[in-house]
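Take a look at it, then follow along.

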Amino acid sequence: MDKVQAFGKNFTASFSPFATRTQQYVKEQFGQTEDKTELPQDYIELEKRIDALKQVHQKLLQVTSQYSNEAYDYPPNIRESFNDLGRTITEKVHLLSSATSPAEAQAAFTAPPSAKPQPKTFNHAIARASLASSQVLQNTNPGAGEDPLSTALEKYALSSEKVGEARLAQDQQIQSRFLAGWTTTLNTNLMFATRARKNVENSRLMLDAKKAKQGDKAHQGDGTMDEEVRAEIEQAEDEFVNQTEEAAGVMKNVLDTPEPLRNLADLIAAQVEFHKKAYEILSELAPVVDGLQVEQEAGYRKNRES
């Protein structure tokens, strides 16, 4: 019985502040209170900046979270089979180089996969389409020697696969050095600030509830404030001030941390590295394809003149 009574007292003690705050909040919402303790202007400005920072994180993460999705640039209109995704372009080219007949060449494309399915990225899709197209041309006229377009497509396929791998490397860097950091700021740092602000709001509601209670007593009595009520209000004021100062400190810390800007710099660095790598790969390929094109055009003109 004593345990039940003790539980009842503890429950009442913990529930009472919540009920008091809720009652005060409802009164304020319906305009049933005249006085409302105002927050310091500096504190209000910190709240606005925190809200803005939270909005920035939500907006940018909504877009950049796509870096966690391998197929974010994969064409939705194509259908690739399990065999298409079974081997890398490099592996297929190696198998094709040792093929001595169209049947062996076809077998290179349908060989059992050596590892997990190949990535579904735009560049990998271009690579697979280019290599398949190269093989179509080669198989159409196997005894006619090397076809310039077929050769160019094969080389383009190899380069496109390299660009695709560079894109995947970029995505890994962005996930670990940007997305992880900004997600932590949003879900941890800014969450701490939200909780601290909630504590301020709760302490303000308690303070105003105490003041309102004293006001009601004053209307019913002689208007004097007894020492017990005065002590309760002073205690509530101290709690409000302490919570406000603590929340301001938390918000300043979140706003001043260099992590978000450092993470953004890492995002840009990863993008720069990818585009630089892609430029190098395609710059190496371009003169080779140009040479094939010039050679083919020269042969075409020679045949026209003869």
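Q: What makes up the accessible surface of the protein, and how much of it is there?
A: The surface comes to about 19600 Å², and 54% of it belongs to carbon and sulfur atoms. Such areas come from the Shrake-Rupley method with a 1.4 Å probe, and for residues only the protein chains shown count as cover. Keep in mind that this is a predicted model, where local features need pLDDT of at least 70, side-chain atom pairs count only at pLDDT 80 or more, and totals for chains, interfaces and linings use all residues. Residues are numbered from 1 along each chain as its sequence is written, and side-chain values use heavy atoms, with hydrogens and water left out.

Q: What is the secondary structure of the protein?
A: You'll find eight helices and zero strands. Helices (H or I, at least four residues) and strands (E, at least two) are DSSP runs, numbered from the N terminus.

Q: Why is Tyr 67 called buried, and why does Tyr 72 count as partly exposed?
A: Buried means under 20% relative accessible area, exposed over 50%, and partly exposed in between (1.4 Å probe, protein chains only). Tyr 67 has 16%, so Tyr 67 is buried. Tyr 72 has 28%, so Tyr 72 lands in the partly exposed range. Across the 306 residues of the protein, 32% count as buried.

Q: Why is the pair of Tyr 67 and Tyr 72 called edge-to-face?
A: Rings of Phe, Tyr and Trp (its six-membered ring) pair if their centres lie within 6.5 Å; planes under 30 degrees apart count as stacked, over 60 as edge-to-face and the rest as tilted. The count comes to two aromatic pairs. In the Tyr 67 and Tyr 72 pair, the centres are 5.6 Å apart and the planes sit at 80°, so the pair is edge-to-face.

Q: What makes the pair of Phe 178 and Trp 182 tilted?
A: The centres are 5.0 Å apart and the planes are at 35°, so this pair is neither stacked nor edge-to-face, but tilted. Both residues lie in helix H6 (residues 148–220), four residues apart, about one turn of the helix. Phe 178 and Trp 182 are both buried.

Q: How do you know that Arg 167 and Asp 171 meet in a salt bridge?
A: A salt bridge is a side-chain nitrogen of Lys or Arg within 4 Å of a carboxyl oxygen of Asp or Glu. For Arg 167 and Asp 171, the N to O distance is 2.6 Å, so the pair qualifies. Both lie in helix H6, four residues apart. Arg 167 has a relative accessible area of 2%, so Arg 167 is buried. Asp 171 is buried too, with a relative accessible area of 2%.

Q: Why does the salt bridge of Glu 47 and Arg 197 tie together parts 150 residues apart in sequence?
A: The closest N and O atoms of Glu 47 and Arg 197 are 3.1 Å apart. Glu 47 lies in helix H2 and Arg 197 in helix H6, so the bridge joins parts that are 150 residues apart in sequence. Glu 47 and Arg 197 are both buried, and together with Asp 51 they are linked in a network of salt bridges. By this rule the protein has 10 salt bridges.
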